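Here is a short report for someone meeting this structure for the first time. Look over the sequence and the model, then read on.

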Amino acid sequence: MLEIKNLTKVYDESTIFKNLNFTINDGEVLTIVGPSGSGKTTLLKIVAGLLPADQGTLTLDGTELDITGNRIGAAGAKVGVIFQDFNLFPNYTVKENIMLAPLNVAKIDKQTADQEAEELIAELGLTEQANSYPYQISGGQKQRAAIARALAMKPAILAYDEPTSGLDEESTQRVIEVIHQLKQKGVTQIVVTHDLPFEEAISDKSLDFATDIEV
């Protein structure tokens, strides 16, 4: 699914990581762990096309991805990202948040966007929250809404930045269930986390920035 070769990122004169190599297969869950500030989220953003890398290659399903941080259009939708603060638009309902990118970026018709949003809402247990605004729902529900919004663009890979941060035990367990549910459907997932019990519950393979990364 995703092959990374010799990926290097430098800020000013500080090397974040150098000659990073790893592969994720279809349907696998890769967790990225390590100390705060070690570059985990930086790597996630490079994979998603939101930050540039200095050298190396990212190959997704046999196609090399742009690493300049300027991935746009269909190429930009190949990796869906769920950010730590969810980034839901506060003036849109849960359903409207999910429909926004399919309508405005993918340019699909409203009826199709509506139907697909309804399916995602049901799948992620958000039926009762569909017409609620982000301020009206819990942190765990916001997390699932953000996952639904990312899935609406049909990404090849789903990437999460600290998905259990600030969540209680019940909400964390619900996120674990969603990740397993998506894995069973063949969705490839990358998860940045500092939560080791959570990591153990979801991970097929792990990349540890404390031991596996050359700087």
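At what angle do helix H5 and helix H6 pack, and how far apart are their axes? The angle is about 20°, and the axes of H5 (residues 139–151) and H6 (residues 169–184) are 9 Å apart.

## About the model

This is a predicted model, in which local features need pLDDT of at least 70, side-chain atom pairs count only at pLDDT 80 or more, and totals for chains, interfaces and linings use all residues. Residues are numbered from 1 along each chain as its sequence is written, and side-chain values use heavy atoms, with hydrogens and water left out.

Helices (H or I, at least four residues) and strands (E, at least two) are DSSP runs, numbered from the N terminus. Axes are lines fitted to C-alpha atoms, for helices over the stretch in contact, and angles run from 0 to 180 degrees between N-to-C directions.

## Where H5 meets H6

The crossing of H5 and H6 is right-handed.

H5 brings Gly 140, Gln 143, Arg 144, Ile 147 and Leu 151 to the contact. From H6 come Ser 171, Arg 174, Val 175, Val 178 and Leu 182. Contact means heavy atoms within 4.5 Å. By class, the contact has 5 nonpolar, 3 polar and 2 charged residues. Here Ala, Val, Leu, Ile, Met, Phe, Trp, Tyr, Cys and Pro count as nonpolar, Asp, Glu, Lys and Arg as charged, and the others, Gly among them, as polar.

## Salt bridges

The whole structure holds 8 salt bridges. Each is a side-chain nitrogen of Lys or Arg within 4 Å of a carboxyl oxygen of Asp or Glu. One of the 8 pairs Glu 3 with Lys 5, at 3.8 Å from N to O. Glu 3 is partly exposed at 33% relative accessibility, and Lys 5 is partly exposed at 40%. The cut-offs are under 20% relative accessible area for buried, over 50% for exposed, and in between for partly exposed (1.4 Å probe, protein chains only).

Glu 28 pairs with Lys 205, with the closest N and O atoms 3.2 Å apart. Glu 28 sits in the loop between strand E2 (14–24) and strand E3 (29–33), and Lys 205 in strand E9 (residues 205–208), so the bridge ties together parts that are 177 residues apart in sequence. Glu 28 is buried at 17%, while Lys 205 is partly exposed at 28%. Lys 183 forms a salt bridge with Asp 204, the closest N and O atoms being 2.7 Å apart. Lys 183 is in H6 and Asp 204 in the loop between helix H7 (196–202) and E9, so this pair joins parts 21 residues apart in sequence. Shared partners also link Lys 95, Asp 114 and Glu 118 into one network of salt bridges.

## Buried residues

Which residues of helix H3 (residues 94–104) are buried? Val 94, Lys 95, Asn 97, Ile 98, Met 99 and Pro 102 are. They pack against helix H4 (110–123) and H5.

Ile 121 is part of H4. Its relative accessibility is 1%, so Ile 121 counts as buried. Leaving out residues up to four places away in sequence, Ile 121 touches Lys 95, Ile 98, Leu 126, Thr 127 and Ala 130. Ile 67 lies in the loop between strand E5 (63–65) and helix H2 (73–76). Ile 67 is buried too, at 15%. Beyond its neighbours within four places in sequence, Ile 67 contacts Leu 51, Pro 52, Ala 53, Gln 55, Gly 56 and Leu 58.

## Positive phi angles

Asn 6 is not a glycine, yet has a positive phi of about 50°. Asn 6 lies in strand E1 (residues 2–11) and is partly exposed at 39%.

Asn 19 also has a positive phi of about 50° without being a glycine. Asn 19 lies in E2 and is partly exposed at 30%.

Terms used. Left-handed = near helix turned anticlockwise from the far one by under 90°.
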